[in-house]
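Trainee: I have just opened this one and would like to go through it with you. Could we begin with the words you use, and then move to the details?

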Amino acid sequence: MSEKVVVVGGGLAGLSAAARLAHNGYNVTVLEKSPKLGGRAITIPLKGYNFNFGAHAIYARDKSILRKFESEIDLQVDWKDFSPEKAFYDMGSYTTRMPATLDGLYKTKILDSQNKFRFAYEIFKTMSAIERGEEGVPIGEYLQKEPEPVRDILLTVASSNFFTNEPEKIPSPLFFRYYRRLFSTQRAVAYIGGGWQSIVESFQQIIEKNGGNIVTKEKVTGVEMDQSRVTAIFGKEEKYEADQFIFCIPPKELLQIFAETSYEKIFERYTSFSPTQVVVYDIGLSERIESPYTYIYQKAQRVFITDISHYDTTCVPAGGQLLQAIAYLNDEEIANKKQDEKVETIEAVYDKHFPGWRDRLGAKRVSKRATVQEIKCKDEQMLMPTKMYSLPNTYFAGDWCQGEGQLSELSFTSAYDVTSRILKGSID
């Protein structure tokens with residue numbers, strides 16, 4: 001009989017972990033509390049437009065763990081590569097090329113010739129691991145030695161990749177580890193044809209094709225334990241026994257499930273950490289508005305707009321356009337309820353760069369407090385480990401867990417790490 005694994009959570013981490021194990025012969029059951037799979041990575045159809053819940057960009061495509069899923073378990077990904085020559089910064093009085101490539105660095109107006117050389121040198125030092133950061137020192141403090149224009153552009157780049165308006169608080173070792181990987185890639189950013197829905201469906205097909213079982217609308221309420229081992233978990237009415245358990249649900253939900261066990265305190269720490277949250281304002285237009293760029297970053301307000309439909313034509317009706325705007329939020333702004341101001345700012349940026357959008361509006365979706373990563377990488381906030389010494393048959397995966405990259409890449413890499421541990425244990 002094949003080894004039984006129960007995966008709690010049908011988001012990107014849970015589905016990718018379940019698909020890899022099912023492909024390798026494990027008896028897998030996925031439990032998802034919602035009626036729809038995908039977690040926060042869902043695609044919402046509305047009036048002929050397909051809105052993704054948040055961005056669906058994949059960073060460092062050729063180094064992405066999704067490439068391993070493609071080759072190992074036949075995951076189907078319709079890659080749509082970002083066009084760096086169409087990426088611009090809005091500096092207020094002018095727009096200029098984003099220094100995402102050597103050509104962009106040469107043409108950008110943000111830096112003068114001397115600082116362009118210094119910026120290129122910083123990229124070289126990062127790629128060659130000469131620059132590694134320092135434990136306990138945030139990147140804003142670490143970069144104080146740099147000329148102000150170079151420091152500013154490095155923090156601006158970090159703001160967009162980490163989805164934060166507090167880039168100076170990113171731990172410096174994490175900053176350099178992340179950009180060592182990103183700067184060495186051939187395709188820094190890519191989108192997914194068909195949006196998150198296509199990835200979710202592909203994982204689902206792999207699970208079901210290999211005999212896996214997916215149960216939706218099943219909320220896990222607690223665990224049964226034999227000393228340090230989880231032996232079963234309880235749904236609304238069913239009890240699920242297994243040899244191994246993977247929890248792909250956020251710390252707050254873990255705390256509820258492990259309440260009144262000796263492990264409750266382990267998860268309590270992570271529930272106090274703040275998430276990465278943003279305002280998302282998507283608009284579907286009946287006709288395209290031609291523009292010289294597909295990505296524009298309004299630097300002063302830290303708002304960016306992406307023409308998603310330029311890369312993925314499946315998300316709009318014929319002749320239409322789908323634009324996604326994201327504004328970053330910090331804890332203070334959330335506490336002071338600044339989201340409505342962010343919405344007004346986004347509309348002003350739309351007015352500036354896509355004039356006439358209001359007259360062509362076919363549909364829109366506004367989320368004033370969307371979570372894009374459950375634990376924000378800043379200061380003393382630490383990501384959860386994927387494996388704990390005191391829980392021998394229990395694993396954890398998600399964008400709140402340790403892994404490579406940020407956002408969805410954390411979900412995929414933590415899930416890959418967990419499944420590699422399980423696969424290795426079976427071989428041993």
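Mentor: Let us begin with accessibility: a residue is buried under 20% relative accessible area, exposed over 50%, and partly exposed in between, with a 1.4 Å probe and protein chains only. This is a predicted model, where local features need pLDDT of at least 70 and side-chain atom pairs count only at pLDDT 80 or more, while totals for chains, interfaces and linings use all residues. Residues are numbered from 1 along each chain as its sequence is written, and side-chain values use heavy atoms, with hydrogens and water left out.

Trainee: Okay, is Lys 337 buried or exposed?

Mentor: Lys 337 is exposed, because its relative accessible area is 68%. Lys 337 sits in the loop between α12 (331-335) and α13 (339-353), where helices are DSSP runs of H or I with at least four residues, numbered from the N terminus.

Trainee: And what is its phi?

Mentor: Phi of Lys 337 is near 55°, a positive value in a residue other than glycine. As background, most residues other than glycine have a negative phi.

Trainee: Which loop holds Glu 260, and what is the phi there?

Mentor: Glu 260 is in the loop between α9 (251-257) and α10 (264-271), and its phi is near 65°, again a positive value in a residue other than glycine. Glu 260 counts as exposed because its relative accessibility is 80%.

Trainee: What about Phe 258, buried or exposed?

Mentor: Phe 258 is found in the loop between α9 and α10, and it is buried because its relative accessible area is 0%. Leaving aside neighbours within four places in sequence, Phe 258 is in contact (heavy atoms within 4.5 Å) with Val 223, Met 225, Val 230, Phe 247, Tyr 263, Glu 264 and Phe 267.

Trainee: How far is Phe 258 from Val 223?

Mentor: They are 35 residues apart in sequence and 6.6 Å apart in space, C-alpha to C-alpha.

Trainee: Switching topic, what does Glu 409 make polar contacts with?

Mentor: The side chain of Glu 409 makes a polar contact with the side chain of Ser 64 at 3.1 Å, and another with the side chain of Arg 181 at 2.9 Å. A polar contact is a pair of N or O atoms within 3.5 Å; within protein, one must be able to donate a hydrogen and the other to accept it, and residues adjacent in sequence count only if both atoms are side-chain atoms.

Trainee: Where does Glu 409 lie, and is it buried or exposed?

Mentor: Glu 409 lies in helix α14 (residues 408-427), and it is buried, with a relative accessible area of 4%. Not counting residues up to four places away in sequence, Glu 409 touches Ile 58, Lys 63, Ser 64, Ile 65, Arg 181 and Glu 404.

Trainee: Now the helices, please. How do α6 and α7 pack?

Mentor: Helices α6 and α7 (residues 172-183) pack at an angle of about 80°, with their axes 12 Å apart; axes are lines fitted to C-alpha atoms, for helices over the stretch in contact, and angles run from 0 to 180 degrees between N-to-C directions. The two helices are therefore roughly perpendicular to each other, given that angles under 35 degrees count as roughly parallel, over 145 as roughly antiparallel, 65 to 115 as roughly perpendicular and the rest as oblique.

Trainee: Which residues meet there?

Mentor: Leu 154, Val 157, Ala 158, Asn 161 and Phe 162 in α6 meet Leu 174, Phe 175, Tyr 178, Tyr 179 and Leu 182 in α7. By class, this contact of α6 with α7 has nine nonpolar residues, one polar and no charged, where Ala, Val, Leu, Ile, Met, Phe, Trp, Tyr, Cys and Pro count as nonpolar, Asp, Glu, Lys and Arg as charged, and the others, Gly among them, as polar.

Trainee: And at what angle do α4 and α6 pack?

Mentor: Helix α4 (residues 113-127) and helix α6 (residues 148-162) pack at about 50°, with their axes 9 Å apart, and are therefore oblique to each other. Asn 115, Arg 118, Phe 119 and Glu 122 in α4 meet Pro 149, Val 150, Ile 153 and Leu 154 in α6, and the contact has five nonpolar, one polar and two charged residues.
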